[in-house]
Amino acid sequence: NEMMFRSVVTVDRPDLTVFYCDDSSVARKQIERTLVAMGVKGVAAFNGRQMWDEMEKVATYAQAVGKPASSIISLVLTDIEMPEMDGYILTKKIKSDPRFNGIPVVMHSSLSGMSNQKLGLSVGVDEY
C-alpha cells in the first residue's frame with residue numbers, strides 16, 4: 001500500500017477541494033491519503049445524502065458571499081452503491097441544480113460494466 005502512495009504526483013494546490021463520498025471506510029481512507037499526497041484538500045461523506053447536505057451548505061455560503069459554489073468545490077468523486085442516496089441520484093441532483101454548474105462529477109465503483117457506465121453518463125457524470 002505504501003508503494004502506491006509514493007507514486008502519487010503532488011500538484012500542491014491547496015485551493016482545490018475534492019468532495020468525495022463512499023460508504024466504505026477503506027475506500028474513503030484511500031481517497032483521503034491520495035488527496036493528501038497530492039496536496040489537495042478533501043471533504044468526505046459516508047453516502048450521497050450526506051454529501052448532498054454538505055454541498056447545499058456550501059451553496060448557501062457561496063451565495064451569501066457572492067461566489068459560485070464551483071469556487072469552493074473543485075470536483076465531486078462519488079461511489080455508485082451507497083445507502084440512503086446512491087451516486088446516480090447524487091449526480092443527477094448536482095447536474096440539475098444550477099448552483100453547481102461547472103463542478104465535474106467523477107464516479108468510481110467496483111461495478112465496471114458498460115451498463116453502469118451508460119447509466120452514469122445518462123445522469124450527467126463527467127467521468128467514470
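Is Phe 19 buried or exposed? In this predicted model, Phe 19 has a relative accessible area of 3%. Anything under 20% counts as buried, so Phe 19 is buried.

Where does that residue sit? Phe 19 belongs to strand β1. Leaving aside its neighbours within four places in sequence, Phe 19 is in contact with a set of residues that includes Val 43, Met 51, Glu 54, Met 55 and Val 58, along with Ile 73, Leu 75, Val 76 and Leu 77. Take Glu 54 as one of these: 35 residues separate Glu 54 from Phe 19 in sequence, yet their C-alpha atoms are 8.9 Å apart in space.

Now zoom out to the sheet. Four strands make up an open sheet, with parallel pairing and the order β2-β1-β3-β4. The edges belong to β2 (41-45) and β4 (105-108); each has a single partner strand, so one side of each is left without a neighbour in the sheet. From one strand to the next, the twist averages 20°.

Back to the strand that holds Phe 19. Strand β1 (residues 17-21) runs parallel to β2, and five bridges join the two. Phe 19 has a bridge partner in β2, namely Val 43. Further along the sheet, β3 and β4 also pair in the parallel sense, this time over four bridges. There, Val 76 stands opposite Val 105 in β4. In a regular strand the side chains alternate between the two faces of the sheet. You can look for that in β4, where Val 105 and Met 107 lie on a covered face, while Val 106 and His 108 lie on an uncovered one.

What about the helices? Helix α3 (residues 48-64) and helix α4 (residues 87-96) pack with their axes 9 Å apart, at an angle of about 20°. Angles under 35 degrees count as roughly parallel, and α3 and α4 are therefore roughly parallel to each other. The crossing in which α3 passes α4 is right-handed. So who meets whom? From α3 come Gly 48, Met 51, Trp 52 and Met 55, and they meet Leu 90, Lys 93 and Ile 94 in α4. Sorted by class, this contact has five nonpolar residues, one polar and one charged.

Methods
Residues are numbered from 1 along each chain as its sequence is written. This is a predicted model: local features need pLDDT of at least 70, side-chain atom pairs count only at pLDDT 80 or more; totals for chains, interfaces and linings use all residues. Side-chain values use heavy atoms; hydrogens and water are left out. Axes are lines fitted to C-alpha atoms, for helices over the stretch in contact, and angles run from 0 to 180 degrees between N-to-C directions. Angles under 35 degrees count as roughly parallel, over 145 as roughly antiparallel, 65 to 115 as roughly perpendicular and the rest as oblique. A crossing is left-handed if the near helix is turned anticlockwise from the far one by less than a right angle, and right-handed if clockwise. Contact means heavy atoms within 4.5 Å. Ala, Val, Leu, Ile, Met, Phe, Trp, Tyr, Cys and Pro count as nonpolar, Asp, Glu, Lys and Arg as charged, and the others, Gly among them, as polar. Two strands pair if DSSP finds at least two bridges between them. Buried means under 20% relative accessible area, exposed over 50%, partly exposed in between (1.4 Å probe, protein chains only).
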